[in-house]
Amino acid sequence: MDELELLKKDWQKKEGTMPKLSYDEIYSMLWKKSSSIVKWIFIISIIEFVLPHLLYLLPSVREGVPFYEQLGVKNLMIGISIFNYIVVFYFIFQFYKRYREISVLENAKDLMRRIIRTRRTVKHYIIFALSLFLFTFLAIATAIYLSDGEHLITVLNLDDDATNLSPARLKALISFVFIIMGILFTALIGLIYFLIYGLLIRKLGRNYNELKQLEI
Amino acid sequence: MKKDLEHKFVTELEDNQNIVHKVCSLYTNNRDAHNDLFQEITIQLWKAYPKFRGESKFSTWMYRVALNTAITLYRKSKKQVRTQDYSDFIYKIKSDDYDETQEQQLRLMYNALKQLGDIDKALVFLYLEDKDYGEISDTLGISEVNARVKMNRIKKKLRTIVNP
């Protein structure tokens with residue numbers, strides 16, 4: 001006899017051995033909080049959307065504005081900010097739309113596909129945000145390099161020690177530091193983000209691929 | 001009105017809770033995780049209930065939500081212990097057809113079932129629940145032919161686990 005048929009026979013007899021919850025026990029569960037992956041993705045994504053913008057509330061970041069002005073990149077920075085906000089709102093809109101389309105009543109494959117698509121929107125946003133971040137650093141580095149060396153010393157409020165260097169070397173040094181900082185920050189934030197992304201969606205991605213491979 | 005809906009839902013779930021318990025016993029390894037998953041499935045069922053228009057049987061509708069929750073939505077709690085505990089599968093065959101080799105075989109089968117991946121478990125579960133391939137393919141979102149192919153592979157896999 002087929003092993004599975006034997007199992008099926010036994011399985012159907014099993015009803016009696018399963019736990020049995022009372023009406024009240026089930027009723028109390030209706031008001032418990034869900035801890036589903038969709039909810040986690042929603043919360044974490046909102047944090048990821050909001051967090052970079054909270055940076056502007058830090059005093060040191062706000063003090064950068066007069067610095068940009070003196071460096072002659074103020075208009076560029078305003079341009080970048082406006083562009084950034086337009087794109088962020090587009091991503092939030094996309095994310096919300098896709099999030100609303102997730103329904104537990106879909107078949108398993110479509111449900112997984114929709115969740116992954118929602119999460120992917122955030123991934124694209126992060127890639128965009130990181131690129132813009134790196135671009136900003138590179139733009140500042142270029143502006144410093146092209147600026148007048150004497151002027152730079154007053155802009156950056158450097159003390160006398162620094163003025164021992166020739167202005168040309170000083171400019172090169174500072175822009176080099178900016179480039180390195182930009183790359184390091186971008187890499188660090190990117191690494192943290194993709195770790196979280198990978199952990200959140202690992203099981204889901206594995207199951208989705210298994211279903212998708214069947215169709216090839 | 002809302003109270004009516006709550007009452008209707010809880011009563012239907014109470015009558016059909018076996019389906020959810022069976023899904024939980026398949027996808028979890030201990031009592032805590034079982035209850036945790038049961039709760040999450042209940043929440044998901046309740047959230048989706050206003051969309052249930054009664055075009056299918058309540059139980060049919062439950063299979064999809066319960067499996068979707070177990071496979072996709074549920075995140076195992078950190079507390080989950082790794083030890084295997086088959087208490088939910090301890091069955092008491094005290095009927096006339098009690099047979100020691102058969103029982104041994106069944107025990108091996110249940111152990112083997114636990115070792116399958118999430119998708120394989122879902123297929124076997126629907127199969128054991130006597131669902132046809134049409135419904136299995138509908139629930140998982142794969143074609144009927146592929147559901148059959150996959151089921152045959154699982155049968156082979158189970159056979160090698162049971163008879164190494």
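I began with B:Y127, which counts as buried because it has 20 C-beta neighbours inside 10 Å. The cut-off for buried is 20 or more, so B:Y127 meets it. I noted that this is a predicted model.

I then placed B:Y127 in the fold. It lies in helix 5 of chain B, residues 118–128. I looked up its contacts, leaving out residues up to four places away in sequence, and found B:I136 and B:M151. I also checked B:V145, 18 residues from B:Y127 along the chain. The two C-alpha atoms are separated by 15 Å.

**Confidence**

I looked at the scores next. The model has ipTM 0.83 and pTM 0.82. For chain B the mean pLDDT is 83, and 85% of its residues reach 70 or more. Among the elements of chain B, helix 5 has the highest mean pLDDT, 93. Helix 4 of chain B, residues 100–115, has the lowest, 82. I marked residues 78–88 of chain B, where the pLDDT is below 50. Beyond near neighbours in sequence, that stretch has ten contacts in the model. I also marked residues 90–95 of chain B, where pLDDT stays under 50. There the model has six contacts beyond four places in sequence.

**Overall build of chain B**

I counted seven helices and zero strands in chain B. Along the sequence the pattern reads α-α-α-α-α-α-α. Chain B has 164 residues, and 37% of them count as buried. I took the contacts in chain B with a separation of 6 or more and asked how many join residues 24 or more positions apart. The figure is 66%.

**Nonpolar cores**

I turned to the largest nonpolar core, which has 57 residues. Those that touch the most other members are B:V23, B:I41, B:A66, B:L67, B:A70, B:A122 and B:L123. I followed B:I41 further. Leaving aside neighbours within four places in sequence, B:I41 is in contact with B:V20, B:V23, B:V65, B:A66 and B:T69. Another core, of nine residues, lies apart from the largest one. Its members include A:I140, A:A141, A:L170 and A:F178.

**Helix 4 of chain B**

I went back to helix 4 of chain B and checked its span. It has 16 residues and reaches 23 Å from first C-alpha to last, close to the 22 Å expected at 1.5 Å a residue. Which residues of this helix are buried? I found B:L106, B:M109 and B:L113. They sit on the same side of helix 4 of chain B, because they cover an arc of only 60° around the axis. An α-helix has 3.6 residues a turn, so residues three or four places apart point the same way. The face turned away from the buried side carries the exposed residues B:E100, B:T101, B:Q104 and B:Q115.

What covers the buried residues of helix 4 of chain B? The cover includes helix 1 of chain A, along with helix 1 (2–27), helix 5 and helix 7 (144–162) of chain B.

**Contact between the chains**

I closed with the interface. It takes 41 residues from chain A and 47 residues from chain B. On the chain A side, the elements giving two or more residues are helix 1 (3–13), helix 2 (23–29), helix 3 (37–54), helix 7 (108–146) and helix 9 (167–214). Helix 1 of chain A gives the largest share of that side, seven residues. I sorted the chain A side by class and got 24 nonpolar, six polar and eleven charged residues.

Conventions. Residues are numbered from 1 along each chain as its sequence is written. Chains are lettered from A and ligands numbered from 1 in the order in which they are written. This is a predicted model: local features need pLDDT of at least 70, side-chain atom pairs count only at pLDDT 80 or more; totals for chains, interfaces and linings use all residues. Two residues are in contact if their C-beta atoms, placed from the backbone, lie within 7 Å. Helices (H or I, at least four residues) and strands (E, at least two) are DSSP runs, numbered from the N terminus. Ala, Val, Leu, Ile, Met, Phe, Trp, Tyr, Cys and Pro count as nonpolar, Asp, Glu, Lys and Arg as charged, and the others, Gly among them, as polar. A residue is buried if 20 or more other C-beta atoms lie within 10 Å of its own, exposed if 12 or fewer, and partly exposed in between; C-beta atoms are placed from the backbone. pLDDT is the predictor's confidence in each residue, from 0 to 100. A nonpolar core is a set of buried Ala, Val, Leu, Ile, Met, Phe, Trp, Tyr and Cys residues joined through C-beta atoms within 7 Å. The expected span of a helix is 1.5 Å times one less than its number of residues. The arc is that of the directions from the helix axis to the C-beta atoms.
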